[in-house]
Amino acid sequence: MDLLIKNGTIVTATEMYKADIAVDKEKIVNIGCSFNESDFDEVVDASGKLVLPGAIDGHTHLALEFGGTISTDDYYAGTRSAACGGTTTVFDFVNQAEGEKMVDAIKRREAIACNDVAVDYSFHVAVYDISTEELMDSLEESVEYGVPSFKVFMVYDNGVDDGTFFKVLSRAKEIGALVGVHAENKTVNEYLIDKYLKEGKTDAWWHYMAKNERVEGEADTRAVNLAIMADAPLYIAHLADEQGVKAVTEARLKGYPVFAETCPQYLNFTSEVYKRERGRDFVCSPPMKDQASQDAIWEAITNGNITTVATDHCPFLKAEKDWGIVKKDGTPGNFTTIPNGCAGIENMYPYILSEANKGRISFSKAVELCATNPSKLFGLDDQKGAIRVGLDADIVIYDPEKEFTITNDKMHGDTDHTIWEGIELKGYPEATYCRGNLVFKDGEFLGKRGAGKRVKCHKLHFDGPSL
């Protein structure tokens, strides 16, 4: 057999126990003790370490065209960075073009990704156009192709109206799919942008003010109500506000299949970052909110009403963030000309595990949020998301004693800064295996460009808020 990881403490979403893991042909083939080491090509001693399933980042934007540029990390840099943070599967977004069938959009994006990815990957489709029966039917074709998750935007030029949102929700339930949403009130956001710019308010703080707690919270509440009307499951992406947490919690208490994702940036930073000298580096959408929102998010993680943690990884260079002062054509910029997004794909699992190591949550909760729940929500639980016989050998060996301070020079993406600069973590991944192949060890990326594969997700059916 290929690999034996011995003497470690295995962490699942429900328990921790000491056992050895046998890996062969990219799968976990046995979990137990007293294996004959001579039967294995490689033996790794994980004494004193935790052995975890690789994280699944359910929300990334790699090589994304946005705001007059392209996000800094392409599929190689982004997945390389993921591997070095213990993430072994990433979900990227395919933006459907007008008149484009969903599977055609997926294949278009897959052609860009397949030769570059260093870990495994899948997609969500951002729905823009279902104006014909053929385009509506292409949702089901996407599910059959192994992509059963979609996203609608309530903002931006590709935002949909409530009627279109409702139609997507209704069809998704029929075909075994899940609809995610970027929830912000578009018209109020546009009104506030216009108001602040006319008043000469141009810096990063006003990005937050134009997308404040109520701008997001109203849309979260409306999205939940639309899902209830359609009797369909809903996934709220990057939840950042207290009002939205309350709407999700109330729906789940009533038995509705409503799920929420949050991101590490909302757990660690508040809107105060937009007052910093380089507050523009923190510009993302939704923006970080107030302390009350952060407290509500942590409480919802603890009580299970936030289901997953993902990154919304979408980094840009400092020079591009500086377009908020002077645009690339040399004319004055403002908060609307700052490319929206931050790096996080390498920081998610280490940050959440560090918080577990500090006692804020359990290690099992960290695994649940970052691996097991995403696998269930997106149709990968028959392949990934747990340390279990028969699943892919996506494994992280974690050293709980290692002290690690995040600095950009230690990161493995192509971005020239990180909002996590100087954050101190307790514990850090020592090694990452993707399908049994070592892709990271002791600070060094050891994977290969193009070694990742697209994983086919199964159809989805939810009986209430079962996660």
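**Close-up 1. D322 and its salt bridge with R280 in the predicted model.** At 24% relative accessibility, D322 is partly exposed. The closest N and O atoms of D322 and R280 are 2.8 Å apart. R280 has a relative accessibility of 14% and is buried. D322 sits in the loop between α11 (318-321) and α12 (348-357) and R280 in the loop between α9 (264-268) and α10 (291-303), so the bridge ties together parts 42 residues apart in sequence.

**Close-up 2. The salt bridge between R80 and D414.** Here the closest N and O atoms lie 3.0 Å apart. R80 belongs to helix α1 (residues 75-84) and D414 to the loop between β16 (395-405) and β17 (424-434), so the pair ties together parts that are 334 residues apart in sequence. R80 is buried at 15% relative accessibility, whereas D414, at 40%, is partly exposed.

**Close-up 3. The side chains of K6 and E37 in a salt bridge.** The N to O distance is 2.7 Å. K6 is in strand β1 (residues 3-11) and E37 in the loop between β3 (27-32) and β4 (42-45), so parts 31 residues apart in sequence are tied together. K6 has a relative accessible area of 17% and is buried; E37, with 36%, is partly exposed.

**Close-up 4. A network of salt bridges.** The linked residues are E26, K27, D120, K384, D392, D394 and R435. The whole structure holds 34 salt bridges.

**Close-up 5. C84 and C434, two cysteines in no disulfide.** The structure contains zero disulfides. For C84, the nearest cysteine sulfur is that of C434, 12 Å away. C84 is buried at 0% relative accessibility, and C434 is buried at 4%.

How values were computed: Residues are numbered from 1 along each chain as its sequence is written. This is a predicted model: local features need pLDDT of at least 70, side-chain atom pairs count only at pLDDT 80 or more; totals for chains, interfaces and linings use all residues. Side-chain values use heavy atoms; hydrogens and water are left out. A disulfide is a pair of cysteine sulfur atoms within 2.5 Å. Buried means under 20% relative accessible area, exposed over 50%, partly exposed in between (1.4 Å probe, protein chains only). A salt bridge is a side-chain nitrogen of Lys or Arg within 4 Å of a carboxyl oxygen of Asp or Glu. Helices (H or I, at least four residues) and strands (E, at least two) are DSSP runs, numbered from the N terminus.
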